[in-house]
Amino acid sequence: MAGKGLILKSLLRTRSQNFQRICLRTFLADAYKCEAEWKGRLNNPLLEKLKNENFYGELLKKFQNDGKASAIDVDLFSTFVLNELHLEDLEIITKKFRRCPNTVHALPSTSHSVIRTYLEFKNTDTLMRMVDDRLNYGLFLDYYLSNLLMDSFLKEDNFRDAAKVAIQLMLQEEFDHPITSNLALYSCYGYLNKPQPEPWDPQPKPKPVEPVEEVKVRVDYIREPFFDDHFDLTQPNHLIGKTLVGFGKHLLRQSPDSVAYTSLLLGWTLFEKHDKVIETLDTILGLSSKPYLLKEGLDRCKKTVHDWSNPPEGFLDKYNARIHQLEAGGFIVHDNVSDILRQRIKDAVSKQENDDIQHQKERYRLWEQQREEEIQRQAQAIERRKRLAILEAKKKDLKEKEEQLYFFDNLDEWELRHEEKMLQKEILLKEEESRGRKVSAKSQRQAEEDAYYPPEIIAVRKQK
Amino acid sequence: MPYVYIGKRNFYFGKRLWEIVGNLKNFGEGRLLVRSKFERYPEVSYVKIIRAEPLMDEENLFGRVLVEKVFRGRHYGEYDLSKTAYKNDFKLVPRDEEEFYLSRTMKAEELEKLKKSLPEFIQFPPLLKEMISKQENNPNPLLKAVYNLGPNNSTVFIQPGAVCNKTKIENSKAPHLYENLRP
């Protein structure tokens with residue numbers, strides 16, 4: 001036994017520190033990454049062709065000329081990014097594609113490939129910025145990707161990015177998958193305990209320079225500011241609070257236990273919804289089956305409430321009264337949240353992992369097939385258009401030749417057509433003359449409105 | 001704030017449909033949206049997205065949406081909301097509150113109960129009746145009633161053969177006008 005222990009120790013010592021940490025905190029097996037299938041996408045014979053061409057340049061040209069590119073082209077581009085230097089190009093193409101009308105036809109493999117590529121090259125800051133900006137990039141996480149991301153972030157102790165993944169799940173309101181929900185809760189609690197790495201936003205958007213004096217800008221319609229408590233949230237406390245509430249509510253429906261109630265309470269406190277806090281406390285106190293609250297969570301609640309600069313009137317009294325009741329009634333349990341969640345993740349992983357892996361492998365295969373079909377379809381469409389164009393040109397040619405050859409036979413009909421054409425031309429000329437430089441009434445009114453400058457009111461003193 | 005915006009106002013509270021739908025997976029397939037303007041009615045009005053295809057212009061104003069429309073509790077079936085999607089009046093319904101809206105939609109049986117049966121024929125005014133009966137030798141001519149049947153009027157049910165014999169308007173606000181009428 002000792003011999004084995006010594007060998008193990010020497011092995012561990014020879015490896016780097018990271019490997020030790022990986023051994024301690026991996027939740028998902030290595031097989032979960034489906035590396036073989038992911039790398040297998042490079043076996044496509046198209047890759048050879050695309051390596052030599054300037055695919056990126058041509059895609060950009062398409063976006064410039066037509067304003068849109070086909071979904072399959074963008075999909076091929078995003079799957080075959082092999083170099084770290086091409087990541088910026090990938091970002092640009094993703095953004096351009098998302099802002100063109102063809103986004104509706106985007107293949108599911110496109111966003112998956114983009115996220116996985118960024119993860120491979122460990123550009124996680126840029127990745128999280130892109131994932132957060134859904135309107136401009138359209139990268140949506142499914143359960144497999146969110147599990148993968150959270151696992152890799154938690155391995156590196158990057159609680160901030162793991163919490164950001166959890167927040168994205170909350171925004172899409174997807175709480176179902178057992179591994180994902182437990183990992184998300186674990187990441188949120190982990191970030192609250194240890195808010196690392198420090199700045200919540202490592203790549204903030206540059207703020208536009210505002211002029212010193214007041215500048216009046218004419219807009220068509222003023223947008224009244226409307227804050228929907230969902231997509232507009234920016235403060236990390238609010239976001240994490242809402243995530244905890246979301247996952248807590250889902251857990252409550254399945255199995256109301258201490259983690260669920262603590263998450264709810266802590267979530268509402270972080271989210272600063274005062275009446276909801278009191279409501280949750282009342283429900284906890286009022287339940288016949290005594291639910292337990294974790295001490296860690298309650299302590300954090302108390303600390304957050306204490307840190308509030310101006311809570312609403314009467315809140316602190318009600319809050320303190322209920323907290324006293326909780327502490328007196330023995331509702332509090334001294335378990336460690338991270339341990340409970342870690343155990344749950346392990347259970348969920350042992351149940352769900354293999355299914356997930358099989359499912360994902362199937363999907364990779366399906367996507368390969370889809371890609372082939374789409375390429376074929378596009379090629380056929382292009383061919384068809386070419387053939388039609390050739391036919392049209394031929395038809396026109398033949399018609400002209402016929403007119404030339406049989407001109408004198410069909411002279412009468414030609415003269416009739418000629419007369420009608422001349423008449424129409426005259427009418428058009430007359431209309432244009434009469435119209436002259438006339439502008440439509442609507443644009444005239446608009447021009448008047450735009451040119452209107454409100455008069456300055458100068459006080460005129462009455463002279464006696 | 002140094003930039004002061006001057007322009008036309010509107011009195012909508014909410015977001016544009018495309019701003020909400022662009023933030024959701026699959027452009028919000030199967031999610032419910034609610035308009036603030038329709039919250040004035042006691043019945044429930046919402047819109048369930050079947051398919052949304054935005055044009056992705058700069059201002060997020062244009063695109064095609066196919067929805068299932070429910071207005072004031074009644075289900076109007078599939079509807080093309082593209083023309084009103086630009087209004088910044090929409091709000092997303094979170095998944096826990098979806099049931100609140102779905103349960104308050106009236107089902108077919110409830111709509112049947114609300115149906116009003118209206119007569120098919122109406123009596124002519126007395127002088128016109130005399131004139132027409134002399135012309136057509138028909139002692140009792142009847143006027144066929146034309147009802148405004150549309151999606152908003154689906155609880156109208158025309159009873160064939162029924163004749164409206166009322167000469168008075170019930171619950172009128174000026175009953176003195178009908179005091180000395182012959183029956």
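How many helices and strands does the secondary structure of chain B come to?

1. Chain B has 4 helices and 9 strands, where helices (H or I, at least four residues) and strands (E, at least two) are DSSP runs numbered from the N terminus. Read from the N terminus, the order is β-α-β-β-β-β-β-α-α-β-α-β-β.

2. This is a predicted model, in which local features need pLDDT of at least 70 and side-chain atom pairs count only at pLDDT 80 or more, while totals for chains, interfaces and linings use all residues. Residues are numbered from 1 along each chain as its sequence is written, chains are lettered from A in the order in which they are written, and side-chain values use heavy atoms, without hydrogens and water.

3. Along the principal axes, the C-alpha atoms of chain B fill a box of roughly 75 × 45 × 30 Å.

4. In chain B, 34% of the 183 residues count as buried (under 20% relative accessible area, 1.4 Å probe, protein chains only). Of the contacts (heavy atoms within 4.5 Å) between residues of chain B at least 6 apart in sequence, 59% join residues at least 24 apart.

5. In chain A, A:Phe315 belongs to helix H18 (residues 315-329) and is buried, at 4% relative accessible area. Beyond neighbours within four places in sequence, A:Phe315 contacts A:His274, A:Val277, A:Ile278, A:Val305 and A:Trp308. A:Asp275 is 40 residues away along the chain, with a C-alpha separation of 8.4 Å from A:Phe315.

How values were computed
Buried means under 20% relative accessible area, exposed over 50%, partly exposed in between (1.4 Å probe, protein chains only).
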